[in-house]
Amino acid sequence: MEGPTPVSALIHAATMVTAGVFLIIRCSPLFELSPSILVLITFVGAITSFFSATVGVVQNDIKKIIAYSTCSQLGYMIFACGISNYHVSLFHLVNHGFFKALLFLSAGALIHGLSNEQDIRKMGGLATIMPFTYTMFLVGSLSLMGVPFLSGFYSKDLIIEFAYSTYTLSGHFAYWLGTFTAFLTTFYSFRLIFIVFFGPCNVINKTVFNNIHELPLGMAIPLAILCFGSIFSGFFFKDLMVGITSFSFYEHSVVVLRQNTSGLDSEFIPLFYKLIPTFFSIIGFCLALIMYSDLEKEGSFLVSVAKDATSFDKPL
């Protein structure tokens with residue numbers, strides 16, 4: 001579904017696309033009585049997370065990249081429900097709302113500053129021209145990647161650890177696919193950052209280039225609020241929504257059978273398996289750095305077009 005950027009921020013962060021996850025969480029008493037359906041949910045969620053990330057890797061529309069990352073994160077939430085960790089799924093849903101709204105509104109700031117341009121191949125070099133927007137986008141992306149001590153880290157890594165601690169075929173399938181998805185998430189996030197903020201300026205319309213501007217105060221305040229949530233929401237809500245202390249918060253809203261609980265087991269899995277997603281994320285960053293950090297030297301087709309003064313002055 002396409003829509004204006006503020007609408008995209010609303011439906012991807014808080015409503016509509018996350019409604020299905022919330023419905024599964026509230027229907028946990030029914031799903032817990034059918035182990036085969038839980039296995040199916042786990043497989044579907046893990047596959048959704050992986051394939052959505054692969055699509056995001058090759059997109060050039062800035063909003064589509066963020067939208068497919070939403071599909072990927074929804075896959076995490078779904079397979080968290082499949083392994084009966086509904087509380088962690090809801091925790092990730094809340095954290096995801098902060099950093100995904102921040103990413104969409106930051107993308108909207110870029111589109112607004114570039115006269116409605118959404119193709120990342122026609123951007124570049126915006127880190128110095130729009131430093132506030134760059135900072136907001138970077139914080140949202142790092143939280144999406146699950147960088148330690150940002151909000152995404154507290155829930156995303158927890159989902160992957162819980163998947164391994166189930167010690168089932170479906171749980172380990174979700175663990176390894178979720179780990180590789182973390183690699184893809186880091187790759188396409190830094191791909192976007194390198195091209196948009198550090199690559200060569202590919203704005204070939206002189207009027208558009210001269211009108212690039214930073215956000216006014218009224219548009220910057222919501223981004224600052226969401227940035228605060230993207231950094232601290234995981235820390236503030238972790239004791240309320242996850243762990244033993246969360247029982248009083250959920251009461252009878254979420255039902256998990258005793259044989260399906262794996263929270264305690266996740267504390268004792270080997271450290272190696274806890275760090276594998278982090279290693280994969282580092283590999284994704286290094287790969288994006290190798291492929292896209294040298295764009296200025298390699299140049300591009302649009303750069304060669306921009307060198308033509310005639311085409312530079314023509315409106316698109």
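## A first look at an all-helix model

L110 touches I62, L126, M130, T133, F137, V196 and F197, leaving aside residues up to four places away in sequence; touching, or contact, means heavy atoms within 4.5 Å. This is a predicted model, so local features need pLDDT of at least 70, side-chain atom pairs count only at pLDDT 80 or more, and totals for chains, interfaces and linings use all residues. Residues are numbered from 1 along each chain as its sequence is written, and side-chain values use heavy atoms, with hydrogens and water left out.

**Overall build**

- The protein has 16 helices and zero strands; helices (H or I, at least four residues) and strands (E, at least two) are DSSP runs, numbered from the N terminus.
- Its radius of gyration is 21 Å, close to the 20 Å that the globule rule gives for 316 residues, so the protein is as compact as a globular protein of that length. That radius is taken over C-alpha atoms, and the rule is 2.2 Å times the number of residues to the power 0.38.
- Along the principal axes, the C-alpha trace spans about 70 × 40 × 30 Å.
- Buried residues account for 52% of the 316 (buried is under 20% relative accessible area, exposed over 50%, partly exposed in between, with a 1.4 Å probe and protein chains only).
- Take the contacts between residues at least 6 apart in sequence: 83% of them join residues at least 24 apart.

**The cores**

- The largest nonpolar core holds 76 residues, and I62, L110, L126, F137, V196 and F197 have the most contacts inside it. Such a core is a set of buried Ala, Val, Leu, Ile, Met, Phe, Trp, Tyr and Cys residues joined through side-chain atoms within 4.5 Å.
- Helices giving two or more residues to this core include α2 (19–26), α4 (35–57), α5 and α9.
- α9 supplies the largest share of the core, 15 residues.
- Another core, of 11 residues, lies apart from it, with A101, L102, M136 and L226 among its members.

**Helix α7**

- α7 covers residues 131–145, and its 15 residues reach 21 Å from first C-alpha to last, close to the 21 Å expected at 1.5 Å a residue (1.5 Å times one less than the number of residues).
- Its buried residues include T133, Y134, M136 and F137.
- Among the helices covering the buried residues of α7 are α6 (86–113), α8 (151–165) and α11 (217–241).

**Aromatic rings**

- The whole structure has 26 aromatic pairs. Rings of Phe, Tyr and Trp (its six-membered ring) pair if their centres lie within 6.5 Å; planes under 30 degrees apart are stacked, over 60 edge-to-face, and the rest tilted.
- F43 and F173 make a tilted pair, since their ring centres are 4.7 Å apart and their planes sit at 40°.
- F43 is in helix α4 and F173 in helix α9, so this pair ties together parts 130 residues apart in sequence.
- Y76 and F79 are also a tilted pair, at 5.6 Å centre to centre and 45° between planes, and Y76 and F79 are both buried.
- One aromatic cluster is made up of Y134, F137, F190, F194, F197, F198 and F285.

- Mean pLDDT is 87, and 91% of residues reach 70 or more; pLDDT is the predictor's confidence in each residue, from 0 to 100.
- Over residues 297–316, pLDDT stays under 50.
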